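Please look over the sequence and the structure shown below. Some questions and answers about them follow.

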Amino acid sequence: MSFIEDVKAKAKSKMKTIVLPEAEDKRTLEAAEQIKKEGFAKLVLLGNKETVEKDAQSYGFDLSGIEILDPKTSPSLDDYVATLVELRKSKGMTEEEARKLLTGSNTYFGVMMVKKGDADGLVSGACHSTADTLRPSLQILKTKPGTKLVSAFFVMVVPDCQYGENGTFVFSDCGLNQNPTAEELAAIAESSAESFRFLVGKEPKVAMLSYSTLGSAKHDDVTKVQEATRIAKENNPALLLEGELQLDAALVESVASLKAPGSKVAGHANTLIFPNLDAGNIGYKLVQRLAKAEAYGPMTQGIARPVNDLSRGCSAEDIVGVVAITAVQCQLYD
């Protein structure tokens, strides 16, 4: 099976409920219909029921059997308001402000559903910014215990590719941390390795990327990656991780034998850690567009419950894939 078909099969084995707050978007409705047909997750669409059903009908989508919930009329609203006030009382949150947030933002309401156990995970971002998705997540769910920071990764599946894990990679951070410190870069590497192991089911081989390989260049940017490598290895001595590596040394065995002889990672990397957000974002989009790769994400790691962002340029099929991955991430919390 392909990566995403394998993920869908895992999701089917233990069905989870995923909230989609952007029911006003055609792509969300198309994805919801497809997910219902494939049967790998239960869905809750947030919005005015009459409007959502009318939109679906006009597009020709069948949403029968999918729950559509209007935050403004939800019987759980009062309880959610009380919970949000309690969570944010140190920030001066009032009941009026909490009610306005929960009825004015489907994402806030959806995240609260996850907090209260009324849903397992959330996928948003098709028509909202990353900040609109992550802000309520960090305010309500907060970070996962033991996690130093929240970061974002893509699962990249490159067709007819001999590199990585049969063409499957994790690229990180491609969506959140602009210019991580050495400590933050090490934390991103550790989280990304865990994500690769769980989602792909294979041993992560982590490359800390740079324009330098093992000291071939001298610069503060190179030193940062070297320090991040040291920290990550110290924290996880059993993890297969190498740095700093140029991309060709990370992926191509013949290049690795010249530039990083004896490395267990160089030439075999499947988890690529970019030195900053510019490199990561440009890198994933180059591979997506020029190599015609499937790009699933940006997936978040480090939030206390699975909440995943979408690219605003996503397709309905992208949403289907991210929902499948989110449903599998939810199984970690059983």
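Q: Is K292 buried or exposed?
A: This is a predicted model, in which local features need pLDDT of at least 70, side-chain atom pairs count only at pLDDT 80 or more, and totals for chains, interfaces and linings use all residues. Residues are numbered from 1 along each chain as its sequence is written, and side-chain values use heavy atoms, with hydrogens and water left out. Buried means under 20% relative accessible area, exposed over 50% and partly exposed in between, with a 1.4 Å probe and protein chains only. The relative accessibility of K292 is 66%, so K292 counts as exposed.

Q: Which loop holds K292, and what is its phi?
A: Helices (H or I, at least four residues) and strands (E, at least two) are DSSP runs numbered from the N terminus. K292 lies in the loop between α12 (277-290) and β10 (294-301). K292 is a residue other than glycine with a positive phi, near 55°.

Q: What class of accessibility does L214 have?
A: L214 sits in the loop between β7 (205-209) and α9 (220-235). Its phi is positive, near 45°, in a residue other than glycine. The relative accessibility of L214 is 41%, so L214 counts as partly exposed.

Q: What is the order of the strands in the open sheet?
A: Strands of a sheet pair through backbone hydrogen bonds, either parallel or antiparallel. Here two strands pair if DSSP finds at least two bridges between them. The open sheet has 5 strands with parallel pairing, in the order β3-β2-β1-β4-β11.

Q: Which are the edge strands of this sheet?
A: An edge strand pairs on one side only. That applies to β3 (67-69) and β11 (307-309).

Q: Which residue of β2 is the bridge partner of T17?
A: Strand β1 (residues 17-20) and strand β2 (residues 42-46) run parallel and are joined by 4 bridges. For T17, the bridge partner in β2 is K42.

Q: How are α4 and α6 oriented to each other?
A: Axes are lines fitted to C-alpha atoms, for helices over the stretch in contact, and angles run from 0 to 180 degrees between N-to-C directions. The axes of α4 (residues 77-87) and α6 (residues 106-115) come within 11 Å and cross at roughly 85°. Angles under 35 degrees count as roughly parallel, over 145 as roughly antiparallel, 65 to 115 as roughly perpendicular and the rest as oblique. The two helices are therefore roughly perpendicular.

Q: Which residues of α6 meet α4?
A: Contact means heavy atoms within 4.5 Å. On the α4 side the residues are L77, Y80, T83, L84 and L87. Their counterparts in α6 are F109, M112, M113 and K115.

Q: Which residue caps the N-terminal end of α3?
A: Helix α3 covers residues 49-59, and G60, with a positive phi near 85°, follows it. At the N-terminal end, a side-chain oxygen lies 3.2 Å from the backbone nitrogen of E50. The residue that supplies this oxygen is N48.

Q: What is omega for the cis peptide bond between G243 and E244?
A: E244 belongs to strand β8 (residues 240-245). The bond that joins G243 to E244 is cis, with omega about -5°.

Q: How far apart are the C-alpha atoms of L247 and A327?
A: L247 lies in helix α10 (residues 247-251), where it touches L209, S210 and L272, not counting residues up to four places away in sequence. L247 and A327 are 80 residues apart along the chain, and their C-alpha atoms are separated by 31 Å.

Definitions and conventions: A polar contact is a pair of N or O atoms within 3.5 Å; within protein, one must be able to donate a hydrogen and the other to accept it, and residues adjacent in sequence count only if both atoms are side-chain atoms.
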